[in-house]
Amino acid sequence: MVSALRLAATVFCVLSTAFARSSTGSKVLVVLEPKVSRDDYSNFFSKLESRGYELTFRAPKDVSPAAIEDDVPSFAHVILFTPTTKAYSTDLSSQGIIELLDARTNVLIALGPTQTPLHYLALEFGLTTAPSESALISHFAQNKDRPHNVLEIVPSKTKVVSPVKGPVLYSGTAFAMGNNPMQVPILRAPAEAYATDSDVSSDDGADVLVDSANKGGDGLWAGSSLGTVVGFQARNGARVTWVGGISLFNDEFAQAEVVPKVMASNAQVAQDIAAWTFQESLVYRIDNVTHHLVGGSVPLEHYTTNDRIEYEIHISRFDSESASWKPYSGIDDLQLEFTMLDPHIRMDLPPVSGEPGVYRASFRAPDRHGVFKFLVDWRRGTGESYLHSSITVPVVPPRHDGYPRFLSAAWPYYTGAISTSVGFVLFAALWLGGDVREAKKKTE
């Protein structure tokens with residue numbers, strides 16, 4: 001029965017992917033805590049639905065519909081708008097979210113200053129949240145009438161967020177990012193911002209900056225090294241995005257003016273964040289890999305030392321507009337490694353002109369036999385999905401009849417052997433054919 005359910009779920013996921021703008025499916029589970037009203041985020045949800053997503057809503061403690069059953073995910077994506085919730089059903093617990101990622105389900109998580117189990121889960125992704133009830137503060141807003149815990153963030157140049165005209169309004173906590181190469185910074189805190197648990201409502205409260213710096217423990221949380229929206233891409237391609245404040249997605253910020261005639265860019269940035277998280281953008285895959293001798297076309301089971309080998313890989317990118325995969329030749333830093341424990345050869349793998357999506361390179365096999373691997377491992381910390389291909393192939397020495405009859409480098413040895421043989425023959429001939437008359441006279 002379980003296997004039948006898994007087969008049905010797999011078939012459903014394949015069919016849903018064929019008609020979705022996401023490369024992994026269109027079904028989205030939206031989890032809203034009771035304090036969060038769906039109507040306050042109608043702009044965000046309606047745009048997702050207009051892009052072809054099927055939204056299903058439930059509360060954090062509800063057990064139905066389940067996010068995952070029998071190790072098979074029921075939804076391609078999960079949105080958690082639960083900034084203050086401290087108790088979840090089993091499928092949405094910290095362990096449940098890890099299982100969702102293992103099953104290649106994408107997750108969008110919005111937190112807040114209040115400490116919840118999700119704050120501790122963020123540690124598993126190399127993110128440390130600011131101390132409890134600490135909100136991000138800035139005293140340098142363009143609009144002086146706006147509270148100081150509402151920041152204006154100008155998105156830095158990133159491939160995840162498309163160019164925008166106005167800043168993003170943000171209210172929430174911040175993350176200290178580690179050195180995990182799987183992290184993708186999407187929005188950083190302004191350089192002048194800092195996190196504090198004090199009630200700062202005017203410039204008179206700016207003295208709290210000195211008090212925070214003098215505190216022990218975590219010390220001062222400040223500057224653009226902090227993240228407000230941080231993505232994480234797992235090895236299997238699943239994506240999870242951590243947002244420090246749920247208000248980034250609400251209608252108030254989406255329709256607000258930063259200054260007269262300059263609208264906030266929250267609506268566009270929120271959709272860009274969702275598009276990256278749901279694997280609409282920056283999604284690549286390897287379609288085919290071949291290797292053979294230069295001038296040949298059939299892959300060999302093994303190669304001989306010093307063979308000329310040609311390697312070819314086909315790459316495509318997901319196009320969300322047509323919901324299809326298209327050949328892509330825009331990667332200019334792809335590399336090929338031919339390794340045996342350590343890379344013996346590392347070289348560029350350039351795109352082939354006139355052949356979309358094809359990357360090709362040729363090289364001479366090392367003069368060393370052993371078990372080698374063709375390795376392509378393309379990982380960038382700017383949001384692109386990973387490309388990994390590994391093919392094992394032996395490299396053997398030539399057969400006994402594969403060497404030249406005479407080696408030019410061995411002529412000194414040939415000369416020595418021949419001269420020794422000639423000398424021996426001459427010596428033997430002289431010894432055996434020499435004059436023996438004196439021996440005969442003595443005998444008589």
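**Questions on a predicted model**

Me: In which strand does H291 lie?
Reply: This is a predicted model, in which local features need pLDDT of at least 70 and side-chain atom pairs count only at pLDDT 80 or more, while totals for chains, interfaces and linings use all residues. Residues are numbered from 1 along each chain as its sequence is written, and side-chain values use heavy atoms, with hydrogens and water left out. Helices (H or I, at least four residues) and strands (E, at least two) are DSSP runs, numbered from the N terminus. The run of residues 284–293 holds H291, and this run is strand 19.

Me: Is H291 buried or exposed?
Reply: A residue is buried under 20% relative accessible area, exposed over 50% and partly exposed in between (1.4 Å probe, protein chains only). The relative accessibility of H291 is 8%, so H291 counts as buried.

Me: With which residue does the side chain of H291 make a polar contact of 2.8 Å?
Reply: Contact means heavy atoms within 4.5 Å, and beyond its neighbours within four places in sequence H291 has such contacts with residues including V298, E310 and F374. A polar contact is a pair of N or O atoms within 3.5 Å; within protein, one must be able to donate a hydrogen and the other to accept it, and residues adjacent in sequence count only if both atoms are side-chain atoms. At 2.8 Å, the side chain of H291 is joined in this way to that of Y303.

Me: Within what arc do the buried residues of helix 2 fall?
Reply: In helix 2 (residues 42–50), the buried residues are F44, F45 and L48. The arc is that of the directions from the helix axis to the C-beta atoms. Seen down the axis, these residues line one face of helix 2, because they fall within an arc of 90 degrees.

Me: How is the pair of F44 and F45 classed?
Reply: Rings of Phe, Tyr and Trp (its six-membered ring) pair if their centres lie within 6.5 Å; planes under 30 degrees apart count as stacked, over 60 as edge-to-face and the rest as tilted. By this rule there are 21 aromatic pairs. The centres of F44 and F45 are 5.6 Å apart and their planes stand at 55 degrees, so the pair is tilted.

Me: How many residues apart in sequence are the parts that Y284 and W378 tie together?
Reply: Y284 and W378 form an edge-to-face pair, with 5.8 Å between centres and 85 degrees between planes. Because Y284 lies in strand 19 and W378 in strand 26 (residues 370–378), the separation in sequence of the parts tied together is 94 residues.

Me: Over the ring of which residue does the charged end of K27 sit?
Reply: A charge sits over a ring if NZ of Lys or CZ of Arg is within 6 Å of the ring centre and within 35 degrees of the ring normal. R379 lies over the face of Y386, at 4.7 Å from the ring centre. The charged end of K27 is 5.0 Å from the centre of the ring of F75.

Me: Which residue of strand 24 stands opposite E337?
Reply: Two strands pair if DSSP finds at least two bridges between them. Strand 23 (residues 335–340) and strand 24 (residues 342–348) run antiparallel, joined by 6 bridges. They form a hairpin with 1 residue between them, and L341 in the turn has a positive phi of about 70 degrees. In strand 24, the residue opposite E337 is R346.
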